[in-house]
Amino acid sequence: MTAIGWVISSIVVGILGTIFTLAIATMNKKVVKDRWGKIDFKKSDIYFYWTRWDTIIVISAVYTFICITGLLVFLLRGDTINSPMIQFFIHQTFVFSLITFIWLITKLAYVYKGIKVRWSDEFKQ
């Protein structure tokens, strides 16, 4: 069994993952932190409107869907795991679905934490 599909996929994951991560990480300069280095949600508005982070999540989800479609096409053609294309699409689908899920959950956690901090008085009875 050749692993050319896995190798090429790993290179693509490294390149796309780095680009996506840098696009998200550069937003940290807009985050206000307190003196202990924790996010000050009362002063940081970045989590409450559409940002590059949300765009990257959507792009990653669309790319994952395209990879799933490609995987389906090659499987319906009768290719097996020995095919470099099947290896490529399996690896891409797994990695980018995991990354997309983690980014989405992280973004939602920040939004919910920000809501709790900013409007905590509305949740108390």
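This is a predicted model: local features need pLDDT of at least 70, side-chain atom pairs count only at pLDDT 80 or more; totals for chains, interfaces and linings use all residues.
Two packed helices are described by the angle between their axes and the distance between the axes. Helix H1 spans residues 4–25, and helix H3 spans residues 84–118. Their axes lie 8 Å apart, at an angle of about 25°. Angles under 35 degrees count as roughly parallel, and H1 and H3 are therefore roughly parallel to each other. The crossing of H1 past H3 is right-handed. On the H1 side, the contact residues include Trp 6, Val 13, Leu 16 and Phe 20. On the H3 side, they include Phe 88, Val 95, Phe 96 and Trp 103. By class, this contact has 14 nonpolar and seven polar residues, with no charged residues.

Aromatic pairs were examined next. The structure holds 11 of them. One joins Phe 48 and Trp 119. The ring centres are 5.8 Å apart and the planes stand at 75°, so this pair is edge-to-face. The two residues are 71 residues apart and link distant parts of the chain. Phe 48 sits in the loop between H1 and helix H2 (52–76), while Trp 119 sits in the loop between H3 and helix H4 (120–123). Phe 48 is partly exposed, at 28% relative accessibility. Trp 119 is also partly exposed, at 35%.

A further edge-to-face pair is formed by Tyr 63 and Phe 96, with 5.1 Å centre to centre and 80° between the planes. Tyr 63 lies in helix H2 and Phe 96 in helix H3, 33 residues apart. Phe 96 is buried, with a relative accessible area of 0%. Tyr 63 and Phe 96 belong to one aromatic cluster with Phe 20 and Trp 103.

Technical notes: Residues are numbered from 1 along each chain as its sequence is written. Side-chain values use heavy atoms; hydrogens and water are left out. Axes are lines fitted to C-alpha atoms, for helices over the stretch in contact, and angles run from 0 to 180 degrees between N-to-C directions. Helices (H or I, at least four residues) and strands (E, at least two) are DSSP runs, numbered from the N terminus. Angles under 35 degrees count as roughly parallel, over 145 as roughly antiparallel, 65 to 115 as roughly perpendicular and the rest as oblique. A crossing is left-handed if the near helix is turned anticlockwise from the far one by less than a right angle, and right-handed if clockwise. Contact means heavy atoms within 4.5 Å. Ala, Val, Leu, Ile, Met, Phe, Trp, Tyr, Cys and Pro count as nonpolar, Asp, Glu, Lys and Arg as charged, and the others, Gly among them, as polar. Rings of Phe, Tyr and Trp (its six-membered ring) pair if their centres lie within 6.5 Å; planes under 30 degrees apart count as stacked, over 60 as edge-to-face and the rest as tilted. Buried means under 20% relative accessible area, exposed over 50%, partly exposed in between (1.4 Å probe, protein chains only).
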